[in-house]
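Please read the numbered points with the model in view.

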Amino acid sequence: MDGIRLRAEQTFHDRQAAERARTFSQSPQLLSVLDNDYLDHESWIRPALAKLGPLEGKRVLDFGCGHAMASVIMARQGARVTAFDLSQGYLVEARSRAAHNGVRLALLMADGNRLPFASGSFDRIWGNAILHHLDLPTVAAEVARVLAPGGIAVFCEPWGENWLLRLARGRLGYPSKERTADEEPLRQKDLAVFRPCFEGMEVEGYQLLAMAARVLGRGRRFASLDRCDRLLLGRMPGLRRYCRYVVLTLSQPRAHGAAAAGPVRCCSHATAHSSPVVPACET
Ligand SMILES: C[S@@+](CC[C@H](N)C(=O)[O-])C[C@H]1O[C@@H](n2cnc3c(N)ncnc32)[C@H](O)[C@@H]1O
C-alpha cells in the first residue's frame, strides 16, 4: 500500500478523532463503555465477539482499534489486550478510554499491512471495520503469521455484493456515512486471498432487512427485522450476498512461513520485520 494512501487514511481518521476529542473534553463521561451498549450497537458485534471464545488469560490483538471500545470489553473479560491503529488521534482516545474504564491496554501506532509483532504473538485477533481499509493479500498473510497455532481471528466487515446497497452507499446521506476515498466494502472475490493462509474460514452475513435501521433509526422495528434476518439467513444462507456486513472467522493458520498452494503465497514476509514501531501511548 502506498504512502500517499496511508497518509490519507491517517489524516482522515485523525480529523475524525479530533472532533470526537472536543466532545470528550466537555463530556468525559462519554468515555465510559457499558458492555451491553457496545455489544448491541450493531447486530453482528455480540455474536462475532462470542466466536473468540473465553478470553481469560488470552493474548488478544485489537486490529485497527479506533476508539478501543472492543479492547475495553475484551480486557474486562480477562484478555491481555494489545491494540493498534494508524491514527495517533484515535490512540489518544483509546488511552483515555482505557484509563477512564480502569483497564490496561498495550497501545501502539502501526500499519495493519505490516504488523510489528513476532510470529505467533496472539491467541485471538479482533477487527471491526478494518480489513476493507487495507491491502488484503498482504494483510491475510500478516494475520496468519502473528496468530499462534490454534488461534482464531474474527473480522466484521462491510459487504459489497448488494448492488442496491452499493448505490445507496454512494448516493444517499445517512448518519455516520463518512468514509475514506480508498476504502471498499469486501466482495466475494476478495475472500480468496484468505484461503491459502487459513485452513478454517467461515463467513456469516448480518443485516439483510435490518440494514434499513441505518435510515429509519433503531428501535423495536430493528429488533424484529434482525430476528427475521436470523431466520431467513439460517434457512437460506445464499441470501448472505445481499447483507450489509459479514463476519469472517479465520482459524488454523497455516504453518508460519509455509508456502501455500495456489496463486497467493501465505506469510510472504514471514518473520523478517523491520517496520518501525512508533509507540504512541503507554501500556
Ligand atoms: C472504521 S474505523 C474502525 C475502528 C474500530 N475498529 C471500530 O470498531 O470502530 C477504521 C479504523 O482503521 C484505522 N486504520 C485505517 N487504515 C489503517 C492501517 N493501514 N493500519 C492500521 N489502522 C488503520 C483507522 O485509523 C480507524 O481507526
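By class, how many residues of the shell around the ligand are nonpolar, polar and charged?

1. The shell around the ligand holds eight nonpolar, nine polar and three charged residues. Here Ala, Val, Leu, Ile, Met, Phe, Trp, Tyr, Cys and Pro count as nonpolar, Asp, Glu, Lys and Arg as charged, and the others, Gly among them, as polar.

2. The model is a predicted one, in which local features need pLDDT of at least 70, side-chain atom pairs count only at pLDDT 80 or more, and totals for chains, interfaces and linings use all residues. Residues are numbered from 1 along each chain as its sequence is written.

3. The mean pLDDT (the predictor's confidence in each residue, from 0 to 100) of the protein is 87, and 86% of its residues reach 70 or more. Over residues 257-265 the pLDDT is below 50, and this stretch has 15 contacts in the model beyond near neighbours in sequence; a contact requires the C-beta atoms of two residues, placed from the backbone, to lie within 7 Å. Residues 267-283 also have pLDDT below 50, with 33 contacts beyond near neighbours in sequence.

4. The secondary structure comprises nine helices and seven strands. These are DSSP runs numbered from the N terminus: helices are H or I, at least four residues, and strands are E, at least two.

5. In total, 20 residues surround the ligand, and the closest are His13, Gly66, Ser87, Gly112 and Asn128.

6. The buried residues of H1 are Glu9, His13 and Ala17, and they pack against H5. A residue is buried if 20 or more other C-beta atoms, placed from the backbone, lie within 10 Å of its own.

7. Helix H4 (residues 69-76) is mostly covered, with seven of its eight residues buried. The buried residues of H4 pack against helix H2 (35-39), strand E1 (59-63), strand E2 (80-85), helix H5 (88-101) and strand E4 (122-128). H4 is followed by Gly78, whose phi is positive, near 95 degrees.

8. Of the 283 residues of the protein, 39% count as buried.

Note on methods
Near = placed C-beta within 6 Å. Buried ≥ 20, exposed ≤ 12 C-beta atoms within 10 Å, placed from the backbone.
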